[in-house]
Amino acid sequence: MANGGPVEHGYPHLETVRAAVTALYRRLSRDTIETFSASVAPADVAFCDTDDLHLGAQRVAREIVRHFRLPDARLIVGFREMTHAANVELAAGPEYFVELNDRFRTHRADIGAALAHEVAHVYLHRLDLAFPTTAENEILTDTATAYLGAGWLLLDAYREDAVSSQKLGYLTPEEFGYVLAKRALLFGEDPSPWFTSPQAYTAYVKGRDRARRDGQQPPLTAAGWAGRRRYAQDRRHARDGPPATPYAFAADPAGRLRVSFPCPTCHQRIRVPVQGRVRARCGLCRTVLECDT
């Protein structure tokens, strides 16, 4: 939790974020991900200063547990002085003890954001889905929270001005925006009306621009003129070595040239023959892609 300190910006964790999206599709399937088509509604996690602290926190926790389809999970929420925003004890369940930073006693509007990350930890724990290191695992958790419909709360908790700052989670604001935009492209959902923080909206717009560029890279037909020209040059020299681009050329056992590139939805690599116009279907997320190879 950045509390008054510097907030990291940009996309330093982008490759891990993309790997996390791929891992979600591999573990859950496209069908299961589509059951999360509706995000957590702002009204369901609203928390005003007149609400009882502990009863309100338990109510919000139940809503987020319901969103993640964990009907038998019960969160016991407490508060204590700590460095991080929150912590969850990942035991066997069905009860999970969540501790929230004492700061949230007076910043109650952000309790939903802190709980969203911790409930996502429980969800991934039950799925037995984890990355090798603690840092990577936290990126996975933030990505899952955002991609499955609760992470807009984490981005909305981001505020920054000349004299103060607050950010929850391990992704940068722009990376949160990127994942939320990926979700928006999948479900046709626009989370921007839910943001109460102007800085969160700005970060979302930047992340959305980056996410849209994923679908505008060659050999996709949506690539711009400059990208198409670069791709044509790389294709002519394909056998001289791989170019420094997301796509790569290689010959199949029969000597025919093929190109591989990341799916703009789930980021699994797709391989198709180099033969002009072709329609490819991602075997993982089932996205149909129009290509000019």
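The lining of the largest cavity divides into seven nonpolar, two polar and two charged residues. Here Ala, Val, Leu, Ile, Met, Phe, Trp, Tyr, Cys and Pro count as nonpolar, Asp, Glu, Lys and Arg as charged, and the others, Gly among them, as polar. The volume of the largest cavity is about 40 Å³, and the count comes to one cavity of 30 Å³ or more.

A word on how such spaces are found. On a 1 Å grid over the protein atoms alone, a cavity is a set of points where a 1.4 Å probe fits but cannot get out, while a pocket is an open set with protein on both sides within 12 Å along at least five of seven lines; lining residues have an atom within 4 Å of a point. Grid points are joined across faces, edges and corners, and a volume is the space filled by probe spheres set on the points.

This is a predicted model, so local features need pLDDT of at least 70 and side-chain atom pairs count only at pLDDT 80 or more, while totals for chains, interfaces and linings use all residues. Residues are numbered from 1 along each chain as its sequence is written, and side-chain values use heavy atoms, with hydrogens and water left out.

Now for the open space. The largest pocket has a volume of about 400 Å³. Its lining takes in 18 residues, and Arg18, Asp214, Pro246, Pro262 and His267 lie nearest the centre. Helix 1 (14-28), helix 8 (198-214) and strand 8 (257-262) are the elements that give two or more residues to this lining, with helix 1 giving the most, five residues. By class, the pocket lining has nine nonpolar, three polar and six charged residues.

Which rings are linked into a cluster by ring pairs? They are Phe36, Phe68 and Tyr123. Rings of Phe, Tyr and Trp (its six-membered ring) pair if their centres lie within 6.5 Å; planes under 30 degrees apart count as stacked, over 60 as edge-to-face and the rest as tilted. The count by this rule is nine aromatic pairs. Phe36 and Tyr123 have ring centres 6.0 Å apart and planes at 75°, so they pair edge-to-face. That pair links distant parts of the chain, 87 residues apart: Phe36 sits in the loop between helix 2 (30-34) and helix 3 (53-67), and Tyr123 in helix 4 (residues 111-127). Phe36 is buried at 1% relative accessible area, and Tyr123 is buried at 8% (buried means under 20%, exposed over 50%, partly exposed in between, with a 1.4 Å probe and protein chains only).

Phe68 and Tyr123 have ring centres 5.4 Å apart and planes at 45°, so this pair is tilted. Phe68 lies in the loop between helix 3 and strand 2 (74-80), 55 residues from Tyr123, and is buried at 0% relative accessible area. Arg69 lies over the face of Phe36, at 4.4 Å from the ring centre; the rule asks for NZ of Lys or CZ of Arg within 6 Å of the ring centre and within 35 degrees of the ring normal.

Definitions and conventions: Helices (H or I, at least four residues) and strands (E, at least two) are DSSP runs, numbered from the N terminus.
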